[in-house]
Amino acid sequence: MSQTLKCISPIDGSIYTERETLSSDAAFGVATRAHEAQESWVARPLQERIDLVMAGVAAIGDMNDEIVPELAHMMGRPIRYGGEFGGFNERASHMAKIAETSLADIEVGEDDTFKRYIKRIPHGVVFVVAPWNYPYMTAINTVAPALIAGNAVVLKHATQTLLVGERMAQAFHSVGVPEGVFQNVFLTHDVTNDLIAGRAFDFVNFTGSVGGGQAMERAAAGTFTGVGTELGGKDPGYVMEDADLDAAVDTLIDGAMFNSGQCCCGIERIYVHESLYDAFVEKAVAIVNGYKLGDPMDLNTSIGPMANVRFANEVRAQISEALEDGATAHIAMMEADDGGAYLTPQILTNVTHDMRVMRDESFGPVVGIMKVSSDDEAIALMNDSNFGLTASLWTADLDRAACVGDQIETGTVFMNRADYLDPGLCWTGCKDTGRGGGLSVIGYHNLTRPKSYHMKKVTS
């Protein structure tokens with residue numbers, strides 16, 4: 001039975017757009033069409049697939065003037081930041097550039113008697129479940145390399161960003177990607193689970209909550225369908241005594257607050273060496289006090305509403321609990337804070353790991369700052385988490401950063417930067433952040449399967 005998905009705009013609480021979900025039969029029909037279309041898609045030359053995908057990417061760029069205000073209405077990001085096309089194009093372009101070498105046969109050896117090699121074979125149909133916080137960039141991480149590798153793709157986007165999948169399908173179809181090869185769908189959770197459990201797809205890539213990732217794995221249990229997950233985070237920053245203080249404050253606070261803190265790899269906890277702690281906090285507070293909270297359609301707004309009132313309420317709850325337990329708040333309530341989606345960004349000190357704000361994912365504009373006296377103390381605190389996506393280390397000593405990084409349970413180690421996804425590196429996590437890896441050559445390996453060829457040339 002179909003349901004109506006409604007995107008509630010955080011700007012004013014109105015229904016911005018709505019779509020009907022597919023029935024179970026219709027959804028399985030989508031998967032069938034994808035399997036049929038994939039057979040001819042994979043038969044096309046690699047360069048042809050690359051060219052079509054990059055033409056689709058360019059078509060999204062042509063829509064950017066329409067997309068930017070749509071994003072503001074759907075999830076609250078201020079229009080002053082110009083949308084996501086820069087990162088969207090960067091990621092797709094890199095995956096296009098490395099496709100030939102990443103998908104090339106692995107030559108094992110050849111002589112007069114034998115030829116041995118390993119091919120990379122597309123899974124078939126890849127199901128992409130994408131989140132709302134960076135809806136274009138997170139989707140393209142998988143959509144571009146999956147299509148380039150010869151898979152068909154079925155995209156299911158978050159309800160909060162209902163129009164994104166339609167925009168992507170429109171763009172890719174307009175340049176000649178066959179409709180069956182790339183399909184956008186609106187599904188209920190129950191139908192999604194039925195599709196996965198019914199082996200409608202050959203690989204599932206999910207970006208979202210820990211609970212959502214667990215649901216995907218439960219649905220796939222026993223089917224042997226591969227599932228890649230990028231889930232929650234509680235990413236730390238560590239400022240050592242030799243760090244460039246101004247650069248560390250600017251970058252880490254931006255990493256904590258940009259996009260209203262709704263970043264997969266946003267900074268959610270900061271550990272500062274005792275020699276720099278007071279100065280760091282003072283500078284951080286000054287930066288956040290300079291923000292303008294308000295309507296994302298206003299070019300003067302630097303921080304917009306959170307995407308949904310319930311997300312803001314969770315952050316408020318974490319802050320309130322921390323204050324009751326002795327934390328100190330440094331930012332006074334801003335005029336636009338309405339107790340709903342518009343939430344004052346907050347810096348907390350006197351925090352401990354007994355508080356949820358330092359333990360649970362906040363996914364909002366709040367960060368706790370703690371004083372540390374040594375690398376060992378900082379490492380223990382950074383690892384005291386159920387999550388492991390990124391960690392940001394601030395020091396002038398490359399060897400020290402590498403040594404500390406080796407001891408952190410995380411997917412990516414940053415030195416003197418944060419909150420950035422380099423498409424040349426594998427985007428991956430550990431612990432409750434999930435498993436698998438996107439982008440880089442490893443992204444191609446996860447979107448294909450190895451197939452070995454052992455060819456004997458002579459039999460006598």
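Predicted model: local features only at pLDDT ≥ 70, side-chain atom pairs only at ≥ 80, totals over all residues.

Trainee: Why is the pair of Phe88 and Tyr136 called edge-to-face?

Mentor: The ring centres of Phe88 and Tyr136 are 6.1 Å apart, and a pair needs centres within 6.5 Å. Their planes make an angle of 80°; over 60 degrees counts as edge-to-face, so that label applies.

Trainee: What makes this pair a tie between parts of the chain?

Mentor: Phe88 belongs to helix 4 (residues 85-97) and Tyr136 to helix 6 (residues 135-148), so the pair links parts 48 residues apart in sequence.

Trainee: Are Phe88 and Tyr136 buried or exposed?

Mentor: Buried means under 20% relative accessible area. Phe88 has 1% and Tyr136 has 3%, so both count as buried.

Trainee: How do you know whether Tyr117 and Tyr453 are stacked or edge-to-face?

Mentor: Their centres lie 4.8 Å apart with 0° between the planes. Planes under 30 degrees apart count as stacked, so this pair is stacked. Tyr117 sits in strand 4 (residues 114-122) and Tyr453 in strand 19 (residues 448-456), so the pair ties together parts 336 residues apart in sequence.

Trainee: And which accessibility label does each of these two get?

Mentor: Tyr117, at 14%, falls under the 20% limit and so is buried. Tyr453, at 21%, lies between 20% and 50%, so it is partly exposed.

Terms used
Residues numbered from 1 in each chain as written. Heavy atoms only, no water. Phe/Tyr/Trp six-rings, centres within 6.5 Å; stacked < 30°, edge-to-face > 60°. Helix = DSSP H or I, 4+ residues; strand = E, 2+ residues; numbered from the N terminus. Buried < 20%, exposed > 50% of the residue type's maximum accessible area, 1.4 Å probe, protein only.
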